[in-house]
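Subject: Structure handover

Hello,

Here is the structure I promised to pass on. Please open it first, then read my notes below.

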Amino acid sequence: MTERRHGPRPRPDLDALSAHRPGKPDYAGSFVLAANENPYPPLPGVLETAVAAAGAFNRYPDMAVGELTAELARHVGVPAEHIATGPGSVGVAQSLVLALAGEGDEVLFAWRSFEAYPVITRIAGATPVSVPLTADGAHDLDAMLAAVTDRTRLIFVCNPNNPTGNALRRAELVRFLDAVPAHVLVVLDEAYREFVRDPDVPDGLALYRDRPHVCVLRTFSKAYGLAGLRVGYAIAHEPIASALRKTAVPFGVSQLAQDAAVASLRVEDALLERVETLVGERTRVTAALRAQGWTVAGSEANFVWLPLGDHSLDFAAACAEAGVVVRPFAGEGVRVTIGGQRADDVFLETAEVFRKRL
């Protein structure tokens with residue numbers, strides 16, 4: 001019998017990806033300001049709704065996500081046929097790449113931006129093409145246009161951008177969208193849309209309506225505080241929305257997530273109150289950091305960005321020692337989620353001490 005020396009071999013291009021490691025860091029006793037999570041508990045009535053749904057989790061969820069889709073259609077004012085859901089906006093983004101790109105195709109995005117973009121591109125077998133941000137951490141739209149080729153299938157535009165917090169204004173974004181070839185899908189990733197306060201930062205829904213090559217991504221993970229339930233959605237014209245439903249994982253959004261999302265949409269006043277509190281805290285933290293002498297750009301998201309360069313890892317270590325977990329990007333900067341006042345105060349105290357050491 002022939003000796004079996006080799007088992008099945010995964011695709012070699014996956015070697016460029018880091019495997020997800022099991023387990024979760026022990027953050028006990030620390031303020032966690034690393035993942036852009038909402039610091040508040042579920043909105044009024046949402047926990048009770050989820051608990052009720054849990055009583056039937058021996059059953060499959062609604063694969064069509066019918067009630068949530070209808071509620072979203074009413075909420076954002078679009079046809080239900082233009083909505084596709086998934087396990088978080090990143091799950092929908094992956095379905096988008098699978099639906100539009102494959103081997104030999106390119107997916108374009110700014111960098112640094114949302115960390116999932118290159119990962120989901122490689123999973124689909126496509127080629128990620130990154131375009132550096134400007135010196136102040138914003139999308140370089142002219143450079144992105146110049147990077148478009150006949151192989152480009154999607155362009156991700158994270159607005160506001162994660163992790164820098166910068167947001168594109170209406171005139172520049174409209175000019176960009178109208179210059180992109182009609183066969184290239186532009187995905188406006190608006191995970192942090194609820195936190196935007198600059199009136200010149202456009203709502204992607206207004207841009208998608210008369211542009212078939214524009215798709216908008218939204219999530220319940222940030223402002224709505226449902227990060228652990230994994231539910232997001234896209235708004236796109238046909239046939240993009242239809243393709244998304246074809247590439248989605250069947251039963252990918254649990255019934256708990258569906259019911260909790262519907263309940264969250266129905267208590268919008270409470271949501272807006274919480275978001276306004278976080279925006280106010282963002283303003284306070286930004287002002288305090290600037291008063292300490294830090295360079296902090298205005299953020300339109302629920303986090304702030306410190307361009308610390310080579311000091312990034314040392315700063316994160318100092319925060320961890322003080323009991324605050326932040327998100328460092330080695331050699332670039334540190335992203336700090338806006339949390340509750342006590343957590344933010346500990347972070348600010350640490351930042352002030354560290355600043356004096358520089």
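Start at V65, which is found in the loop between α1 (46-54) and α2. Helices (H or I, at least four residues) and strands (E, at least two) are DSSP runs, numbered from the N terminus.

Two cautions on the source. This is a predicted model, so local features need pLDDT of at least 70 and side-chain atom pairs count only at pLDDT 80 or more, while totals for chains, interfaces and linings use all residues. Residues are numbered from 1 along each chain as its sequence is written, and side-chain values use heavy atoms, with hydrogens and water left out.

Backbone

V65 is not a glycine, yet it has a positive phi of about 50°. V65 counts as buried, at 5% relative accessibility. Buried means under 20% relative accessible area, exposed over 50%, and partly exposed in between (1.4 Å probe, protein chains only).

R230 also has a positive phi, of about 60°, and is not a glycine. R230 lies in the loop between β7 (214-219) and β8. At 32% relative accessibility, R230 counts as partly exposed.

Why list these? Most residues other than glycine have a negative phi, and most peptide bonds are trans.

Two peptide bonds are cis. One runs from N159 to P160, with omega near 0°. The other joins N162 and P163, with omega about 25°. P160 is in the loop between β5 (152-158) and α6 (170-179). P163 is in the loop between β5 and α6.

Which residues of α2 are buried? They are L68, T69, E71, L72, A73 and V76. They pack against β2, α7 (204-208), β8 (232-235) and α9 (255-265). G77 follows α2, and its phi is positive, near 70°.

H82 is in the loop between α2 (66-76) and β2 (83-86). H82 counts as buried, at 14% relative accessibility. Leaving aside neighbours within four places in sequence, H82 is in contact (heavy atoms within 4.5 Å) with Y208, A234, I235, A236, H237, E238 and A241.

Rings

How many aromatic pairs does a search of the whole structure find? It finds 12. Rings of Phe, Tyr and Trp (its six-membered ring) pair if their centres lie within 6.5 Å; planes under 30 degrees apart count as stacked, over 60 as edge-to-face and the rest as tilted.

F109 and Y117 form a tilted pair, because their ring centres are 5.9 Å apart and their planes are at 45°. Both F109 and Y117 are buried. F114 and Y117 form an edge-to-face pair, because their centres are 5.4 Å apart and their planes are at 90°. Y117 has a relative accessible area of 1%. F114 counts as partly exposed, at 24% relative accessibility. Ring pairs link F109, W111, F114, Y117 and F156 into a cluster.

Two arginines sit over rings. R327 lies over the face of F329, at 4.2 Å from the ring centre. R355 lies over the face of W294, at 5.3 Å from the ring centre. The test is that NZ of Lys or CZ of Arg is within 6 Å of the ring centre and within 35 degrees of the ring normal.

On a 1 Å grid over the protein atoms alone, a cavity is a set of points where a 1.4 Å probe fits but cannot get out. A pocket is an open set with protein on both sides within 12 Å along at least five of seven lines. Lining residues have an atom within 4 Å of a point. Grid points are joined across faces, edges and corners, and a volume is the space filled by probe spheres set on the points.

The whole structure has 1 cavity of 30 Å³ or more. The largest cavity has a volume of about 40 Å³. Its lining is N38, Y40, P41, L43, A223, Y224, G225, L271 and R274. By class, that is 6 nonpolar, 2 polar and 1 charged residues. Ala, Val, Leu, Ile, Met, Phe, Trp, Tyr, Cys and Pro count as nonpolar, Asp, Glu, Lys and Arg as charged, and the others, Gly among them, as polar.

The second largest pocket has a volume of about 440 Å³. Of the 27 residues that line this pocket, the closest to its centre are M63, V65, T85, R245 and A248. Elements giving two or more residues to the lining are α2, β2, α3 (88-100) and α8 (240-247). The lining has 15 nonpolar, 10 polar and 2 charged residues.

Best wishes
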